[in-house]
Amino acid sequence: MVFFSGTLGREENFEAKVRNFLDHANRLADTANSVATAGGCRNKQTVEAIFKNSNQIKDLTPQVINAARVLFSNPNNQAAVEHFDLLKKQWSDNMDRLRNLVDEAVDSEALIRAEEEGILRDTERIEEGIRLRDSPKIVTHASNIARRADRVLQVADMEAQNSEDPSFVERVNHASEILAATITPNVQTAKALAMNPVNKAAEQDWRINNRALIEAVGGVRNAVTVQPKSVYYLISFFVFY
């Protein structure tokens with residue numbers, strides 16, 4: 001969100017966003033380090049790369065904040081805009097690399113379970129949005145659910161590509177196809193519900209489709225699971241709330 005000069009509460013809103021960004025970035029970096037030290041990854045290079053990228057995130061975060069402060073004070077300064085955009089891209093690229101490294105360091109079942117827990121949280125928030133007739137909340141968390149489901153598909157695809165077991169690949173691909181078929185209907189029914197939160201038929205349609213998506217995510221998790229793991233709580237901070 002851009003706050004223009006003279007906007008009421010402009011400084012307070014900016015500082016609140018700075019605090020949230022700093023807290024979120026530090027938690028992500030710390031959680032990545034926890035994953036690396038949990039002992040589940042046998043690849044020394046991956047562990048070292050996690051430490052390196054998490055440190056880069058911690059180094060870049062205050063730089064992004066400082067650049068944002070300059071831009072906040074000089075919104076029409078093109079040099080400030082370009083500097084902020086450059087640092088923001090560097091931060092985002094490093095975070096993407098860190099996420100990929102965490103993917104390598106932990107088992108896929110744990111990643112999927114973390115996304116599954118996130119979908120359940122987003123579902124609760126949509127239910128709250130329905131009760132409050134809050135259309136933006138419904139849209140926001142429905143989008144989160146779709147993004148999380150896509151993430152599950154990415155993890156499953158990676159597992160299938162890395163496996164030489166035909167039966168495993170077939171099982172994972174079949175579960176992925178079922179999940180993929182639920183995403184668009186879930187988004188469409190959520191949009192219809194957001195347009196008219198008092199519509200009971202739209203509410204019921206969304207619940208049916210959302211339940212199908214949740215069950216399909218569980219199906220993918222079961223398909224990729226070799227043995228139960230408990231590391232998923234360590235990566236829960238890598239699931240956006």
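In the predicted model, helix α1 comprises 28 residues (10-37) and spans 41 Å from its first C-alpha to its last, close to the 40 Å expected at 1.5 Å a residue. Its buried residues are Arg10, Phe14, Val18, Ala25, Leu28, Ala29, Thr31, Ala32, Asn33, Val35 and Ala36. These buried positions pack against α2 (44-73) and α3 (78-105).

Two aromatic pairs were found in a search of the whole structure. In one of them, the ring centres of Phe14 and Phe72 are 4.2 Å apart and the ring planes lie at 25°, so the pair is stacked. Because Phe14 belongs to helix α1 and Phe72 to helix α2, the pair ties together parts separated by 58 residues in sequence. Phe14 and Phe72 are both buried. Arg10 lies over the face of Phe72, at 3.7 Å from the ring centre.

Phe21 and Trp91 form a tilted aromatic pair, with 5.1 Å between centres and 50° between planes. This pair links helix α1, which holds Phe21, to helix α3, which holds Trp91, across 70 residues. Phe21 is partly exposed, with a relative accessible area of 24%, whereas Trp91 is buried at 13%.

The largest nonpolar core contains 63 residues, of which Leu179, Leu213 and Val220 touch the most other members. At least two residues of this core come from each of α1, α2, α3, α4 (108-132), α5 (135-162), α6 (166-195) and α7 (200-224). The most are given by α2, with 11 residues. Domain 1 (10-106) and domain 2 (108-225) both contribute residues, so the core lies between them. Leaving aside residues up to four places away in sequence, Leu179 touches Ala149, Val152, Leu153, Leu213, Ala216, Val217 and Val220.

Definitions and conventions:
Residues numbered from 1 in each chain as written. Predicted model: local features only at pLDDT ≥ 70, side-chain atom pairs only at ≥ 80, totals over all residues. Heavy atoms only, no water. Helix = DSSP H or I, 4+ residues; strand = E, 2+ residues; numbered from the N terminus. Expected span 1.5 Å × (residues − 1). Buried < 20%, exposed > 50% of the residue type's maximum accessible area, 1.4 Å probe, protein only. Contact = heavy atoms within 4.5 Å. Core = buried A, V, L, I, M, F, W, Y, C linked by side-chain atoms within 4.5 Å. Domains from an automatic or database assignment. Phe/Tyr/Trp six-rings, centres within 6.5 Å; stacked < 30°, edge-to-face > 60°. Lys NZ or Arg CZ within 6 Å of the ring centre and 35° of its normal.
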